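Dear colleague,

I am passing on the structure below, and my notes on it follow. Please read them with the coordinates open.

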Amino acid sequence: MSKKVAFLQGNEAAAQGALYAGCNFFGGYPITPSTEVAEVMSIELPKVGGKFIQMEDEIGAMAAILGASLAGSKVLTSTSGPGLSLKQELIGYGCIAEIPCVIYNVMRGGPSTGMPTGPSQSDVMCAKWGTHGDHPAICLTPASVQETYEEVIRAFNLSEKYRTPVMVMPDEIIAHMRERIVFPEPGEIEVVPRKAPTVPPEQYKPYDTSFGDVPPLASFGSGYKFHVTGLNKMQDGFPTTKAEVVQAEEERQVRKVDANVDDIVQFEEYELADAEVVVVAYGSTSRSARYAVNVAREQGIKAGMFRIKTFWPFPDKQIKALAAKVKGFVVPEMNLGMCALEIERNAQGKAPILGIFRVDGEPINPDQILEKIKEVK
Amino acid sequence: MAFDYEKWLRPNKLPHIWCPGCGHGIVMKGLIRAMETLKLEKENTTIVSGIGCASRLPGYIDCCTLHTAHGRAAAFATGVKMAKPEMNVILVGGDGDGTAIGGNHFIHACRRNIDMTYIIMNNYIYGMTGGQFSPCTPTGHKASTTPYGNPDPGFDIAKLAIGAGATFVARGTAFHANQIDKLITEAIQHKGFSVVEILDDCPTTYGRRNKFKSVIEMMNRLKEVAVPVKAAEKMTAEQLQGKVLTGVLYKEEKAHYTDEYAKVIERAKAAK
């Protein structure tokens, strides 16, 4: 049987991916350039008995999905830069209270209102450092419509598996471009369910580490009564200021991601086997990079690309290994050098980093990248 | 037989954090009596709050409880209620939490007429942070951030709720303890967004700055200013000067949000 094929926009694919993953609650607020996700969800969710709500503001949308997730729903919100700034307050709440949710953020120019219809990659640091306090961060940066669909599904899976907010951050080009997409059959891509409690309600604790670093999460209205707070909490969910408990809980929350980097981090190695010059790219920029690498190869330059799919946790191990053997990195990105700093942190001076940083709302073209590749000596 | 409050409480989470003389405990007992009257199922009741003294209430009650971020109770609660419309959702919090930082969520919960009950303990002050003025602090009164008297006019929470579309609005006081559970009971029974404002007292951060000599004096003031709506009908405008109406101030039967969304689902399925 041939698979279902469509010609979709990245944002539409994101909504379809969410539905495949079993998303049954969407809370949002209109914002360019991500609004199509909300529009598709408003059409599709009620058809399957799911709930769509347009909230009064970005913070309210984040709050609504957290509330719905605690009541057992699989939840999504979509936004863009200014909305992401507003949502940070409650992204932190999701981290400390350990509530699964997916935040789909389309990167447009910034700061502030910036360039609402222009592409950018300048929210990647916001994904990790945007909310205050130490917390885990998972952020996926898809580079095609098909991948946006698949990465949204993966985001739901990671969110449920690790009980933490997960962000999917396409740049505006990926979000608005149209491409052919092949839909997977039901069951073809794994959908990870939430780990449900195995103990009776009277024994249940929402942060019971005897079940490991990711304790099972019951839902309100399922017979389990428990307390959830944004304060530092004990295993029973109630607040505490006891130093050793706070320390242990904070470390556990971060460890959920840090100890599982190999499970979370995905990347693509393109022409890397003998590469002397490595372009590190993500999102739409990686498409220009691939073209540049191909042209460089035609011209006899041993170029390759390391394409970041999981921006957070950052592929530290892989970049460190590359730094030890390449002549240099070329880092094109639509910001003033955010990923480049992460590469610098990992390269530790072993390989030079040549950046191409654009914040003018124009994509980085292959010629620019090729030119830089040639500069690496 | 004495009323058994303990079966609704989490005894190992007591004593509560509230100061001696604070009215929040009176409101909590009123809520418990209301839940007992209505025989609410604990497992099917979610109590949601924001941040502040009053917002610590959910931690003491043996239900599903959600202590959210400052001002966000109504928005979190909206998510819970939409996801599980059969759940009883009760919000609690203070005046600053609900009408300043949470003001937008509050008016939109009113507008949607989503079937939840919001109990606002209005003690005219930010108590937990040490007594800064709130949107409900009366003009001219003192707070730690209005040392020369408050220049701001205050909100009338009940009027705000009615104006924004809440379909049940009541007001009581911490002095009139026996009325609190009746107002909350009626509010929970009402289909739609119900708001119960309880005029409360904060002797620690508001009373002492505003020349109240004792908690008793603060309670007496609540007693003096409160006029039941029925009694007010027979009073002149002059007699009502400086008074506050109590009881059920507004009630309207109207389509409520989760029912309306159920119709959206029906329409969407029919159009499929």
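Two residues count as in contact if their C-beta atoms, placed from the backbone, lie within 7 Å. The model is a predicted one, in which local features need pLDDT of at least 70 and side-chain atom pairs count only at pLDDT 80 or more, while totals for chains, interfaces and linings use all residues. Residues are numbered from 1 along each chain as its sequence is written, and chains are lettered from A and ligands numbered from 1 in the order in which they are written.

Between the chains, the contact takes 35 residues from chain A and 34 residues from chain B. On the side of chain B that touches chain A, α2(B) gives the most, with eight residues (helices, H or I of at least four residues, and strands, E of at least two, are DSSP runs numbered from the N terminus). Strand β9 of chain A, residues 227-229, runs parallel to β2(B) and is joined to it by three bridges, where pairing requires that DSSP finds at least two bridges between the strands; the bridge partner of Thr229(A) in β2(B) is His67(B).

Within chain A, the domain assignment, which is automatic or from a database, gives domain 1 (5-182) and domain 2 (265-375). Their centres, taken over C-alpha atoms, are separated by 26 Å, and 21 residues of domain 1 of chain A are in contact with 20 residues of domain 2 of chain A. To the side of domain 1 of chain A that touches domain 2 of chain A, α5(A) gives the most, with four residues.

Best regards
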